[in-house]
Amino acid sequence: MAGYYGYFRSVDMVSEAPVWLDPISIAARLGMPLLLLVALVAERHRRGKRGVYGLVVLWTLAGFISGFKFQVFLPVALLAVASWMNGNLRLRYVSATLFLIFAAYSVIEPLRLYRDSYGQVDVAEAFSTLFDDSAVEVYGSTRLLDRVVNRIDNTRTGATALKMYNLGQLDELKRRVDEAYSLLLPLAFVPRYFWPDKPLADLGRVLSIQLTGNEYNSVSLIRPVADYIWGGINFVIVSGIVSGFLISLGSVIANVWIRNPLQRILLLFVAISLSIGSDYALYTYIGLLRVFLFMTVAIYVLKKTGWVVLRRAD
């Protein structure tokens with residue numbers, strides 16, 4: 001649901017996605033591995049860093065303006081990863097990442113609360129009221145730290161959701177989860193353009209409504225609770241084993257990719273897809289299915305154009 005929960009979305013925009021959202025979202029996800037690749041090449045050859053820094057600044061500003069905390073600190077975190085993969089972890093990137101995490105919460109969380117109070121508002125209007133205490137609550141250090149910790153640790157939310165589920169109070173979430181698993185293959189491959197009523201990937205919003213009544217928010221679950229809601233304790237065990245295997249496989253593929261990052265760039269997409277999970281296992285599986293299709297098409301095209309030559313082992 002990336003792109004749904006910024007500052008200034010109306011309920012209609014949240015519940016009725018435009019047909020172009022799926023391809024745009026998929027294309028936007030390519031930015032993460034591509035920035036990592038560019039940053040790694042710049043680190044290795046010690047040139048082109050100004051261009052990389054320019055991209056990082058634009059990306060971070062876009063995160064602030066759109067209201068997505070993860071997008072604020074992600075690009076600098078990728079710089080830190082690139083330096084680490086080059087054998088020279090730069091502490092200034094780590095420090096900048098930590099600073100941007102708190103900066104994102106300092107700016108974005110108060111503005112989201114402002115949106116919740118006043119509904120859909122103009123971007124310029126909301127930013128102009130950021131430091132107006134009468135309109136927007138400015139977080140102190142204790143409140144800010146509490147928000148950061150609560151966002152990272154979803155244990156309390158998971159425990160509450162599990163209790164409500166066992167009491168039969170999360171019936172809508174259960175229905176939506178069952179529907180999503182039953183439609184896993186078409187959800188992965190059928191564009192919204194051909195399927196206007198395609199179910200939204202908004203289980204976090206459904207949970208937010210059932211837990212707090214807030215239809216503007218998206219609440220994350222810890223993976224075991226999300227797995228339990230769909231398949232019980234047996235699926236929790238199976239999902240945990242599968243997740244561990246996928247992360248290990250992603251690490252192996254990443255080690256193969258790093259030996260020749262430019263020629264083996266396709267392996268980067270696979271490694272990231274295997275290593276980054278979701279609170280709902282079905283979204284991980286959908287992502288992997290799409291990557292498998294992308295890899296198949298990419299290898300076929302590269303082979304036909306002569307860019308890749310596949311040789312049999314003797």
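1. Trp-257 touches Leu-37, Leu-40, Met-85, Arg-264, Ile-265, Leu-267 and Leu-268, leaving aside residues up to four places away in sequence; contact means heavy atoms within 4.5 Å. This is a predicted model, in which local features need pLDDT of at least 70 and side-chain atom pairs count only at pLDDT 80 or more, while totals for chains, interfaces and linings use all residues. Residues are numbered from 1 along each chain as its sequence is written, and side-chain values use heavy atoms, with hydrogens and water left out.

2. The largest nonpolar core has 31 residues, and Trp-257 is among those with the most contacts inside it, along with Leu-35, Val-52, Val-56, Val-72, Leu-79 and Leu-268. Two or more residues each come from helices H3 (31-45), H4 (49-66), H5, H6, H13 (223-258) and H14 (265-275). H6 gives the most to this core, with nine residues. A nonpolar core is a set of buried Ala, Val, Leu, Ile, Met, Phe, Trp, Tyr and Cys residues joined through side-chain atoms within 4.5 Å. Helices are DSSP runs (H or I, at least four residues), numbered from the N terminus.

3. Another core, of 23 residues, lies apart from that one and includes Ala-161, Val-206, Phe-235 and Tyr-280.

4. Leu-98 is placed in helix H6. Leu-98 counts as partly exposed because its relative accessibility is 48%; buried means under 20% relative accessible area, exposed over 50%, and partly exposed in between (1.4 Å probe, protein chains only).
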